[in-house]
Amino acid sequence: QLSQTFEGHRKSISAIAALPSTQRMVTTSLKDKTLCLWELTTKKLLKHLVGHPSVVSGLAVHISLDFSADGTTLASAGDRTVKFWCTTAWKENQDAIHLDAVVHCVRYSSSGELLAIATENSIYIYNSATRQRIKTLKGHSGGTFALTWTLQGTYLLSGGGERDPTVRVWEVLRGDEIDTFRGHTDKISAIAVDDSSTIITSASSDGSVRLW
């Protein structure tokens with residue numbers, strides 16, 4: 001049963017991130033290039049933010065959003081840039097990360113200490129405080145489109161594109177790929193792992209959801 005509707009974007013919504021502790025939600029549209037800040041309880045549109053361009057050198061861009069563990073920062077990934085927004089003033093910080101490849105996904109670790117950025121070439125691990133790159137993970141061919149961390153932050157899970165629709169598990173600080181799950185036949189668009197880190201769920205453009 002539909003309980004709430006939020007209206008504000010002029011084009012289709014590409015990504016959503018919620019911050020339950022403040023009853024706020026951010027949505028973004030790839031086509032209208034904006035981020036919308038919402039009050040969840042009142043459904044009020046609080047602010048429009050200018051997001052990322054929808055096209056870079058003729059390439060399709062994927063939009064991704066994630067809040068830091070303490071809720072003070074929102075990371076938005078699009079084009080070849082990851083932008084950071086202060087969630088107090090809701091202004092863009094001047095410390096964006098610029099990459100040489102289109103960004104597909106961005107995810108903070110549960111502690112907030114690390115930030116994983118998936119691109120069409122590699123997965124990059126950054127110190128979220130210093131914005132310094134500390135590790136590069138290479139495994140998927142054709143790009144990585146989904147990321148999630150285990151609760152402890154030791155392992156990162158990644159999902160590949162249509163040329164490599166596998167789920168891979170990485171021991172991040174060592175940079176080692178420790179397991180690969182095969183079965184999907186098209187791009188993996190989302191991954192989740194339970195709190196005990198024993199069950200993985202993946203959703204794919206092949207129309208299936210798999211439990212591993």
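**Close-up 1. An open sheet of four strands has the order β12-β13-β14-β15, with antiparallel pairing.** Strands, like helices, are DSSP runs numbered from the N terminus (E, at least two residues, for strands; H or I, at least four residues, for helices), and two strands pair if DSSP finds at least two bridges between them. β12 (103–108) and β15 stand at the edges with a single partner strand each, so one side of each is left without a neighbour in the sheet. On average, and with direction ignored, neighbouring strands of this sheet are turned by 20 degrees against each other; axes are lines fitted to C-alpha atoms, for helices over the stretch in contact, and angles run from 0 to 180 degrees between N-to-C directions. Five bridges connect β14 and β15 in the antiparallel sense, and Tyr126 has Arg133 in β15 as its bridge partner. The model is predicted: local features need pLDDT of at least 70, side-chain atom pairs count only at pLDDT 80 or more, and totals for chains, interfaces and linings use all residues. Residues are numbered from 1 along each chain as its sequence is written, and side-chain values use heavy atoms, with hydrogens and water left out.

**Close-up 2. Strand β3 (residues 34–39) is largely enclosed by the rest of the structure, because six of its six residues are buried.** Buried denotes under 20% relative accessible area, exposed over 50%, and partly exposed the range in between (1.4 Å probe, protein chains only). Both faces of β3 are covered, with Thr34, Cys36 and Trp38 buried on one side and Leu35, Leu37 and Glu39 buried on the other. Strand β2 (residues 24–29) runs antiparallel to β3 and is joined to β3 by six bridges; here Ser29 has Thr34 of β3 as its bridge partner. Strand β4 (residues 44–50) also pairs with β3 in the antiparallel sense, over six bridges, and Leu35 stands opposite Leu49 in β4.

Close-up 3. The hairpin of β3 and β4 has four residues between the strands. Lys43 is partly exposed, at a relative accessible area of 39%. Ser197 is placed in the loop between β20 (188–193) and β21 (200–204).

**Close-up 4. Asp95 and Arg131 meet through their side chains in a salt bridge (3.0 Å, N to O).** Asp95 lies in the loop between β10 (91–92) and β11 (97–98) and Arg131 in the loop between β14 (123–127) and β15 (132–137), so the pair ties together parts that are 36 residues apart in sequence. A salt bridge is defined as a side-chain nitrogen of Lys or Arg within 4 Å of a carboxyl oxygen of Asp or Glu, and the structure holds six of them. Asp95 is partly exposed, with a relative accessible area of 28%, whereas Arg131 is buried at 17%.

**Close-up 5. The side chains of Arg168 and Glu177 form a salt bridge (2.9 Å, N to O).** Arg168 counts as buried at 10% relative accessibility, while Glu177 is partly exposed with a relative accessible area of 33%. Salt bridges that share partners join Asp164, Arg168 and Glu177 into one network. A further salt bridge is formed by the side chains of Glu171 and Arg174 (3.7 Å, N to O); Arg174 is exposed, with a relative accessible area of 56%.
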